[in-house]
Amino acid sequence: MISALVTGILISTVAIMRVRQIVVDCRDPQRLVRFWAALLGGDPVDRARGWSHVEPPGSVRLAFQPVAEDKAIKNRLHLDIEVDVIASAIARTLQLGATRIGETVTDDQGSFQVMADPEGNEFCLVSPA
């Protein structure tokens, strides 16, 4: 926090922060951006130095950064994708090239299904109760 004294009044200035984009490390950004664009909407954009991104309507930009190594362990962070009907969302996601991980879980909060995109990055399809 930065403070300034202006005409005898202490003014605190706090930097405003927002999430600009979520970046996913991957082997094939052009392939992965097309999966996510088909799933969430938006147009895939291929950028310089192998990067790609998509800006799904009403959501934050997803960017895909090329890396040399394959994904080796479980994600420490994942996306929850809200859906209206979980069964049809699972079917559509599988059709696009995702993999289902485990079974659908239902509790008092709703239902969720863990999925993995074509490079193994986990995400959840979530249908609130």
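These legends describe close-up views of a predicted model.

Local features need pLDDT of at least 70 and side-chain atom pairs count only at pLDDT 80 or more, while totals for chains, interfaces and linings use all residues. Residues are numbered from 1 along each chain as its sequence is written, and side-chain values use heavy atoms, with hydrogens and water left out.

**View 1. The largest pocket and its lining.**
The largest pocket holds about 420 Å³ of space. Its lining takes in 22 residues, and V23, V24, D25, N75 and N121 lie nearest the centre. β3 (21-26) and β10 are the elements that give two or more residues to this lining. β3 gives the most, with five residues. By class, the lining has eleven nonpolar, three polar and eight charged residues.
Terms: a pocket is found on a 1 Å grid over the protein atoms alone, as an open set of points where a 1.4 Å probe fits, with protein on both sides within 12 Å along at least five of seven lines. Lining residues have an atom within 4 Å of a point. Grid points are joined across faces, edges and corners, and the volume is the space filled by probe spheres set on the points. Ala, Val, Leu, Ile, Met, Phe, Trp, Tyr, Cys and Pro count as nonpolar; Asp, Glu, Lys and Arg count as charged; the others, Gly among them, count as polar. Helices (H or I, at least four residues) and strands (E, at least two) are DSSP runs, numbered from the N terminus.

**View 2. N121 at the pocket centre.**
N121 sits in the loop between β9 (110-116) and β10. N121 is among the residues nearest the centre of the largest pocket. At 12% relative accessibility, N121 is buried. Here buried means under 20% relative accessible area, exposed over 50%, and partly exposed in between (1.4 Å probe, protein chains only). Beyond residues up to four places away in sequence, N121 touches V24, D25, L32, K71, N75, M115 and A116. Contact means heavy atoms within 4.5 Å.

N75 belongs to the loop between β6 (61-66) and β7 (79-82). N75 has a relative accessible area of 17%, so the residue counts as buried. A polar atom of the N75 side chain lies 3.4 Å from the backbone oxygen of L77. Leaving aside neighbours within four places in sequence, N75 is in contact with N121 and E122.

**View 3. The D70–R27 salt bridge.**
The structure holds four salt bridges. A salt bridge is a side-chain nitrogen of Lys or Arg within 4 Å of a carboxyl oxygen of Asp or Glu. D70 pairs with R27, and their closest N and O atoms are 3.7 Å apart. The pair links distant parts of the chain, 43 residues apart: D70 in the loop between β6 and β7, R27 in the loop between β3 and α1 (29-40). D70 is exposed, at 55% relative accessible area. R27 is partly exposed, at 45%.

**View 4. The D46–R34 salt bridge.**
D46 and R34 form a salt bridge, with the closest N and O atoms 2.8 Å apart. This pair also links distant parts of the chain: D46 is in strand β4 (residues 45-46) and R34 is in helix α1, twelve residues apart. D46 is partly exposed at 35% relative accessibility. R34 is partly exposed too, with a relative accessible area of 38%.

**View 5. The R61–E55 salt bridge.**
The side chains of R61 and E55 meet in a salt bridge, 2.7 Å from N to O. R61 counts as buried, at 19% relative accessibility. E55 is partly exposed, at 46% relative accessible area.

**View 6. A129, after the β10 strand.**
A129 lies in the segment after β10 (122-128). With a relative accessible area of 81%, A129 is exposed. A129 touches D108, Q109 and G110, not counting residues up to four places away in sequence. A129 and Q109 are 20 residues apart in sequence, and 5.3 Å apart in space, C-alpha to C-alpha.

How values were computed:
Polar contact = N/O pair within 3.5 Å; in protein donor to acceptor, adjacent residues only side chain to side chain.
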